[in-house]
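Here is a short note to read alongside the model on your screen. Take the points in order, and find each residue as you go.

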Amino acid sequence: MNTEETMAPVSAPRAIHPRRTVEVRRLTMAAMLGTVAFALMYFNLSIPLISLFAEFDLSALPELLGGFILGPLGALLIVLVKIALILVFKGTTSMFTGEVQNFLLSVAYVLPAVFYYRRHRTKKGAMIGLLLGSVCSIVIAVFTNLYLIFPAYIYLSTGQLSWDKIIAMCHDVNPWIRDLPTFAAFSVVPFNLISRSLTSMLTLITYKKISVPLKKLIQ
């Protein structure tokens with residue numbers, strides 16, 4: 001009997017590349033912040049005198065904070081996670097038009113701010129980026145509300161809604177709203193202006209304090 005045992009060479013465990021580890025941590029953080037953004041949507045505030053169809057929440061705050069840390073792709077992933085969780089846990093009450101609008105306005109707000117801040121990493125750069133994002137978001141909000149989201153919702157309602165009914169509903173709570181231009185001027189613009197201003201201020205106040213521990217998680 002041969003006392004010598006022949007054994008196949010045992011390969012050493014493959015080491016995980018540090019870059020891959022960082023990528024996994026970044027994806028995990030994006031998913032976490034997307035979940036926080038979704039949770040913040042439950043703490044919302046309606047402003048009926050300005051908008052009957054939208055509620056203010058702080059879901060854009062983690063999108064901005066995450067975008068400043070993770071970059072544009074990270075910000076986009078955070079928004080996508082938020083929208084996916086909305087559809088899974090809350091479903092849609094607007095025949096998906098609300099979720100589409102949420103995505104469009106989040107991207108229009110967050111990405112310009114993130115792109116600018118990535119090139120100008122100062123407090124002033126963050127302020128200018130947030131201003132650019134706010135302006136872009138308000139412009140997109142006017143365009144999408146008048147020519148995309150509400151027309152799609154009216155079409156999908158199969159005759160239950162019309163622009164005349166929507167304007168009449170808004171006029172009942174805000175007499176200044178009488179037609180599409182005044183709907184945009186006294187509903188869409190002020191609501192988004194208030195929403196983006198408050199979120200931008202909170203971002204400036206909290207970013208430095210929150211970014212330090214978050215950055216350590218992905219290093």
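1. First, some ground rules. This is a predicted model, in which local features need pLDDT of at least 70 and side-chain atom pairs count only at pLDDT 80 or more, while totals for chains, interfaces and linings use all residues. Residues are numbered from 1 along each chain as its sequence is written, and side-chain values use heavy atoms, with hydrogens and water left out.

2. Start with the largest pocket, which holds about 1,200 Å³ of space. Here a pocket is an open set of points on a 1 Å grid over the protein atoms alone, where a 1.4 Å probe fits, with protein on both sides within 12 Å along at least five of seven lines; lining residues have an atom within 4 Å of a point. The volume is the space filled by probe spheres set on the points, which are joined across faces, edges and corners. Of the 39 lining residues, Phe53, Ala54, Glu55, Gly98 and Asn102 are the closest to the centre.

3. Which element gives the largest share of that lining? Helix 7 does, with eight residues. Helices (H or I, at least four residues) and strands (E, at least two) are DSSP runs numbered from the N terminus. By class, the lining has 14 nonpolar, 18 polar and seven charged residues. Ala, Val, Leu, Ile, Met, Phe, Trp, Tyr, Cys and Pro count as nonpolar, Asp, Glu, Lys and Arg as charged, and the others, Gly among them, as polar.

4. Now look at Lys82 in helix 3. Is Lys82 buried or exposed? Lys82 counts as buried because its relative accessibility is 1% (buried is under 20% relative accessible area, exposed over 50%, partly exposed in between, with a 1.4 Å probe and protein chains only). Its side chain makes a polar contact with the side chain of Ser106 at 3.1 Å (a pair of N or O atoms within 3.5 Å; within protein, one must be able to donate a hydrogen and the other to accept it, and residues adjacent in sequence count only if both atoms are side-chain atoms).

5. On to the cysteines. The whole structure has zero disulfides, a disulfide being a pair of cysteine sulfur atoms within 2.5 Å. Cys170 is buried at 3%, whereas Cys136 is partly exposed at 33%.

6. Finally, check two loop residues. Phe96, between helix 3 and helix 4, has a positive phi near 75°. Thr158, between helix 5 and helix 6, has a positive phi of about 50° and is exposed at 64%.
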